[in-house]
2 protein chains.
Amino acid sequence: MEAVAEPKQGINVKLIVPFINSVRNVFSKMLNTTATIQRPSVKMVPVPQYDVSAIVGFSGRILGSVVVSFPMATAMKTVAGFAGMEMDPTSADFADAVGELANMIAGGAKKDLGADASITCPSVIIGAGHSIARLRDVPCLAIPCDSGFGSFVIEVSIKEAA
Amino acid sequence: MEAVAEPKQGINVKLIVPFINSVRNVFSKMLNTTATIQRPSVKMVPVPQYDVSAIVGFSGRILGSVVVSFPMATAMKTVAGFAGMEMDPTSADFADAVGELANMIAGGAKKDLGADASITCPSVIIGAGHSIARLRDVPCLAIPCDSGFGSFVIEVSIKEAA
């Protein structure tokens, strides 16, 4: 956890740790693999980088969103590990599986955050090299992760409501 | 409004009309152009179609999301009309403008819905030909629209909480 112990610009570390713990739990319990967490960085500009992303929004006492983004090859392997079978990435089942994974990660973090927050249903974006931008008044922390299925990134862009 | 007068499969028309009214209001007041609404259709599968999308999530008594999607040329013209100047689509300002537009549409609809719903900050996706999928238990209505800046689509995927 030393990678997140140092406070980042405008980011409340207390809000980030629940996401890191949740990613680890979900990958360990649902995918039977270990997710390792790399050094997070503050994301200043939207950079096209990933092929498959799931977004879950937070509202209530916690505002913002969490995005889980994968390169296509990693998404396909991760979904196969999650669902127990390979899935066509153009199918609705594939998007459902990616969304459900993001829903579990966000749901686990929400429980840990303890605040009166609600989360939205996930939206899943599929498209080579897309970028995702959030409002600039909420800082965004990109957390690179690795698992037995390849690299992915969790982007946490949340703050406590004023 | 005759295009939405007939109930669609699993879609509550009462939940859709506020979005149509809000799109018209926002384009009229903020963009000084008329948005015309085409016949909506139920979206069954995610189809790659658009280049710029903004997602706003709903939680609380209303669950789901609204997505506003544009082809790149229309997005650029619409942002220029909204901001009063052309913007580089790779800039954070461009994403902010698209997000703010979606935020106004969702915010106007939320007010009309009257329910105890909260909306998330917008997320903006930029990437040629991306598709967006939602959970299949919430029906999604795609509403094609036209304005002086070109065609775009509003996808409303919401339901009342059980």
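In this predicted model, where local features need pLDDT of at least 70, side-chain atom pairs count only at pLDDT 80 or more, and totals for chains, interfaces and linings use all residues, helix 2 (residues 13–31) of chain A and helix 3 (residues 72–83) of chain A have axes that come within 9 Å and cross at roughly 60 degrees. Helix 2 of chain A is therefore oblique to helix 3 of chain A, a class for angles left over once those under 35 degrees are called roughly parallel, over 145 roughly antiparallel and 65 to 115 roughly perpendicular. Axes are lines fitted to C-alpha atoms, for helices over the stretch in contact, with angles running from 0 to 180 degrees between N-to-C directions. Helices (H or I, at least four residues) and strands (E, at least two) are DSSP runs, numbered from the N terminus. Residues are numbered from 1 along each chain as its sequence is written, chains are lettered from A and ligands numbered from 1 in the order in which they are written, and side-chain values use heavy atoms, with hydrogens and water left out.

On the side of helix 2 of chain A, the contact (heavy atoms within 4.5 Å) involves A:F27, A:M30 and A:L31, which meet A:T78, A:G81 and A:F82 in helix 3 of chain A. These residues divide into 4 nonpolar, 2 polar and no charged; Ala, Val, Leu, Ile, Met, Phe, Trp, Tyr, Cys and Pro count as nonpolar, Asp, Glu, Lys and Arg as charged, and the others, Gly among them, as polar.

Helix 3 of chain A also packs with helix 4 (residues 92–113) of chain A, at an angle of about 80 degrees and with axes 10 Å apart. The two are therefore roughly perpendicular to each other. Helix 3 of chain A contributes residues including A:M72, A:V79 and A:F82, and helix 4 of chain A contributes residues including A:F94, A:E100 and A:M104. By class, this contact has 10 nonpolar, 1 polar and 1 charged residues.

In chain B, helix 1 (residues 13–31) and helix 2 (residues 72–83) pack at about 55 degrees, their axes 9 Å apart. Helix 1 of chain B is thus oblique to helix 2 of chain B.

Now the two chains together. Chain A can be laid on chain B with an RMSD of 0.0 Å by a turn of 180 degrees and a shift of 0.0 Å along the axis, with copies superposed by least squares on the C-alpha atoms of residues with pLDDT of at least 70 in both. The copies are thus related as by a two-fold rotation axis. Of the interface residues of chain A, 100% are also interface residues in chain B, so the copies meet through the same surface.
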